[in-house]
Each structure stands twice: as C-alpha cells, then as structure tokens.
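Reader: I have not seen this structure before, and I would like to learn how to read its features one at a time. Could you take me through them?

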Amino acid sequence: MIEALRKLGLSDLEARCYLALHGQPPSSGYEVAKQVSVSRSNVYAALRSLVDKGVCRTVEGEPVTFAAIPVRQVIKLLQAEFERTARLLENELTHLPAAPPFFSNWKGDAQVELAVRRLAANASAEILVDIWAEDLHKIEDTLLAAEERGIAVHLMVIGDTPTVLSRVIVHSVPAGGPPAARNFSLLLDKEISLLGSFTRHSQASALESNHPAVLDVLQTSYYHDVVMMRVEQDFAAELEARYGQNYDLIRREHPEMRGRKPETAAEPGHMEDDTH
C-alpha cells in the first residue's frame, strides 16, 4: 500500500502518516508520530505537506489535529490534476514534428515488461501480439487492461494456454518444442513495435522501434501466419499430398529457408525455425 501511495506522489513518510490517519478520528502529530515511530518534527513536516497536497486536512483545536481525506476523494483529485496537466501538454506540444525512426534496446525482465505496459497503455486502436504460451502470463494482465478499455487485442499464441482474451489464434507448437530463446512481438496501431525474446537462463531483451521496415515486417508476418493457418485448416490433405509433410518438397528446393537449427523442423505457417 505504501508503494502504491508513493506512485501517487507521496513520500514514504507521507504515505505512512496518511495510512495512520485513514479511517481514524482526527489525531495530533504526537499521536501519529507514535504510530509511525518517527520523530515528531519529521512527522509534523510530513503532515503539513499532506495538507498542502490536499490529502489531509487540519482540525482546529488544542492541539491541532489532522484527518485523512477519504481515498476516493484523493483519487478523484489526482485524476483531475493529471487530466488538466495532460490537456495542457497536448495543447502545447501537438505541433511537434513526427518522431524520426528510432531503435531502443531494453534489457532485463523488468525493463521489457515495463515497455510492454507503457506501449499498451498508449495504444489507441489495435495491438497484434505473437508470443509463446509459456510467456503469455508475463503480459496477459496488460493485454486484458488494454482490451477492457476498448483496444482490439489480437493474440497469436504458440501452444494452447487458458486465457480470457477475446481474440485468440492458437498456433501449433513446432517440432522440438519451445526453443531456449522464445521470441515475441507486439505491433501497436501499426505505428510502434516491440520485438524481443524471453530466455530460460538469462534476462529478457527487446528492441522497440517505429521504423517503417520493422513495422511492415511484423505486420506482414502476422497476416502471413493468419492466412497460412486458415489455408492449412481448409486444405490440409491437398497441401500434404502436393508438397509433402511440413512442405518438405519446398524445403528441399529452398535450403535457404532453414533456420539456425536445421535439425528442428518448423511447423507450417512458421517456415523459419528461428521465427519465434
């Protein structure tokens, strides 16, 4: 709870003082200091700051006491302040030139998952996701939050896994199972992308980019997979009779299609072994 209050702009001591007051009768600074085990001078400074921020109020008397503003009112106040600041920034910065193509690297599970949350929170219409079933839990809550606010989340998951997301395509697991580095991608509003991998024995890493070439590759790959999966569902027998199992005839004619691990055969629709 203290960490959540800190994210709302309170210091550690302010958060502790607020919690000590919340739901309680008005208390003096001395009483609050006893609860939080901090010197009265520091507690009084924190309480004055809470009053200045509109999070607490004073009750005149001898001595002066402090009372917490109900948390719902605090949240409404902070929301109003945030929206006012956001409108100001939008009005002042709307005429900036379009951002040039960029590439940003994120390393570590925390950094990668934070990038996913930030990008999903800023999506305005659509998110295309391609991820292994083993890793969906890392970002599922973020995708659900986006879907709840009206974003069309299209999930292609490699391997069956339970999820309450609305638009899900389950892709079969390639022969050999998940690789050590399981690739994933997100394409948001066809304007920004995140392409990376989760690994078994090291930290995750990802590349964020708005470069048109990267956006086009991810969009084309996603659409290609959707079309190929539908074609294979409707014409599986005909395709195998014509091209062999797992398109073996085509693979023999085009050895350049083999990925980094030629001993692991890819499933139809993901013709390169290192696609994921």
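**Reading the features**

Author: Let us begin with helix α2, whose buried residues are L13, E14, A15, C17, Y18, A20 and L21. Buried means under 20% relative accessible area, exposed means over 50%, and partly exposed lies in between, with a 1.4 Å probe and protein chains only. The model is a predicted one, in which local features need pLDDT of at least 70 and side-chain atom pairs count only at pLDDT 80 or more, while totals for chains, interfaces and linings use all residues. Residues are numbered from 1 along each chain as its sequence is written, and side-chain values use heavy atoms, with hydrogens and water left out.

Reader: How many of the residues of helix α2 are buried, and what follows the helix?

Author: Helices (H or I, at least four residues) and strands (E, at least two) are DSSP runs, numbered from the N terminus. In helix α2, residues 12-21, seven of the ten residues are buried, so the helix is largely enclosed by the rest of the structure. After α2 comes G23, which has a positive phi, near 75°.

Reader: How should I read a salt bridge, and how many does a search of the whole structure find?

Author: Side chains of opposite charge can pair when their charged atoms come close. The term is used here for a side-chain nitrogen of Lys or Arg within 4 Å of a carboxyl oxygen of Asp or Glu, and a search of the whole structure finds ten salt bridges. One of them joins R118 and E208, with 2.6 Å between the closest N and O atoms. Since R118 lies in helix α6 (residues 109-122) and E208 in strand β10 (residues 205-209), this pair ties together parts that are 90 residues apart in sequence. R118 is partly exposed, with a relative accessible area of 34%, whereas E208 is buried, with 4%.

Reader: Which residue forms a salt bridge with K190?

Author: K190 pairs with E126, the closest N and O atoms being 2.4 Å apart. This pair links distant parts of the chain, with K190 in the loop between β8 and β9 and E126 in strand β5 (residues 126-132), 64 residues apart. K190 is partly exposed, at a relative accessible area of 33%.

Reader: Is D189 buried or exposed, and what does its side chain reach?

Author: D189 sits in the loop between β8 (181-188) and β9 (192-199). D189 is buried yet has no salt bridge, and R149, the nearest side chain of opposite charge, is 7.3 Å away; for charge, Lys and Arg count as positive and Asp and Glu as negative, while His and the chain ends are not counted. A polar atom of the D189 side chain lies 2.7 Å from the backbone nitrogen of S124, and the side chain of D189 also reaches the backbone nitrogen of A125 at 2.9 Å.

Reader: Which residues are in contact with F103, leaving aside its neighbours within four places in sequence?

Author: Contact means heavy atoms within 4.5 Å. F103, found in strand β4 (residues 103-107), is in contact with L207, E208, S209, H211 and V214 when neighbours within four places in sequence are left aside. The C-alpha atoms of F103 and S209 are separated by 4.7 Å, although these residues are 106 residues apart along the chain.

Notes: Polar contact = N/O pair within 3.5 Å; in protein donor to acceptor, adjacent residues only side chain to side chain.
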